[in-house]
Amino acid sequence: MTIRQEPKRTGNTAPARVTVLIGDAREACRGYEVTSPTRLMRAWRLLTAVNEELHSDGIDDVGARRTALVFNALRDEVVRSISPQLAAEVRELLPPLDEDSGVAGTRAACSGALGWLDSLMTAMLMQLAEQGDRLVQENGPPSGNQPLGRASRNRPASRP
């Protein structure tokens with residue numbers, strides 16, 4: 001199984017916690033997991049925006065310092081969203097930035113982090129898609145609904 005969902009506790013209003021295992025069944029023993037998928041997605045999206053800002057023409061050393069602080073906060077969010085094994089990899093590959101990183105150093109760190117995070121997000125999304133496909137195969141599509149992206153062949157297209 002690629003997704004593990006912890007049941008809600010009685011009286012707890014928080015949603016059940018979802019963990020996405022990264023890799024196939026043989027690789028599960030490595031312990032690579034995304035323990036907070038929504039937090040990771042949020043950090044990924046924000047890091048993408050930070051990277052775009054860094055590559056705009058108007059960035060200067062003051063902007064790079066501010067961006068380095070944002071980068072460090074996002075790096076911490078990523079570390080809190082993944083298993084200890086993946087967190088150790090982040091700490092090794094993506095050290096925190098200091099105030100004197102400059103525009104070029106901040107751009108390089110952000111691009112490296114985004115490349116690493118892009119591959120993790122791709123693996124996570126693939127696992128979620130596989131799990132969704134398995135559920136549909138086991139249970140069939142929900143009544144009255146069709147799988148996304150598939151138009152009915154028996155029904156004519158609606159006209160405006």
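Contact, as used in this report, means heavy atoms within 4.5 Å. The structure is a predicted model, in which local features need pLDDT of at least 70 and side-chain atom pairs count only at pLDDT 80 or more, while totals for chains, interfaces and linings use all residues. Residues are numbered from 1 along each chain as its sequence is written, and side-chain values use heavy atoms, with hydrogens and water left out.

**Overall arrangement**

The protein contains 4 helices and 3 strands; these are DSSP runs, numbered from the N terminus, with helices (H or I) of at least four residues and strands (E) of at least two. The order of elements from the N terminus is β-β-β-α-α-α-α. Of the 160 residues in the protein, 32% are buried, where buried means under 20% relative accessible area, exposed over 50%, and partly exposed in between (1.4 Å probe, protein chains only). Among contacts between residues at least 6 apart in sequence, 63% join residues at least 24 apart.

**Helix 1 against helix 4**

Two packed helices are described by the angle between their axes and the distance between the axes. Helix 1 and helix 4 pack at about 145 degrees, and their axes are 10 Å apart; axes are lines fitted to C-alpha atoms, for helices over the stretch in contact, and angles run from 0 to 180 degrees between N-to-C directions. The contact of helix 1 with helix 4 involves 16 nonpolar, 4 polar and 2 charged residues. In this classification Ala, Val, Leu, Ile, Met, Phe, Trp, Tyr, Cys and Pro count as nonpolar, Asp, Glu, Lys and Arg as charged, and the others, Gly among them, as polar. Residues of helix 1 that take part include Trp 44, Leu 47, Thr 48 and Asn 51, and among those of helix 4 are Cys 110, Ser 111 and Leu 114.

Leu 114 belongs to helix 4. Leaving aside neighbours within four places in sequence, Leu 114 is in contact with Trp 44, Leu 47, Thr 48 and Asn 51. The C-alpha atoms of Leu 114 and Val 50 are 9.9 Å apart, although 64 residues separate them along the chain. Asn 51, in helix 1, is in contact with Cys 110, Ser 111 and Leu 114 when neighbours within four places in sequence are left aside.

**Helix 2 and Thr 67**

Helix 2 has 21 residues and reaches 30 Å from its first C-alpha to its last, close to the 30 Å expected at 1.5 Å a residue; the expected span is 1.5 Å times one less than the number of residues. Its buried residues include Gly 63, Ala 64, Thr 67, Ala 68 and Phe 71. Strand 3 (33–34), helix 1 (37–54), helix 3 and helix 4 are included in what covers the buried residues of helix 2.

Thr 67 is located in helix 2 (residues 61–81). A polar atom of the Thr 67 side chain lies 2.7 Å from the backbone oxygen of Gly 63. Apart from neighbours within four places in sequence, Thr 67 is in contact with Val 50, Glu 53, Leu 54, Ile 59 and Thr 106.

**Accessibility of selected residues**

Asp 98 lies in the loop between helix 3 (84–93) and helix 4 (102–139). The C-alpha atoms of Asp 98 and Leu 69, 29 residues apart along the chain, are 8.1 Å from each other.

| Residue | Relative accessible area | Class |
|---|---|---|
| Thr 67 | 3% | Thr 67 buried |
| Leu 114 | 10% | Leu 114 buried |
| Asn 51 | 15% | Asn 51 buried |
| Asp 98 | 47% | Asp 98 partly exposed |

Key: Polar contact = N/O pair within 3.5 Å; in protein donor to acceptor, adjacent residues only side chain to side chain.
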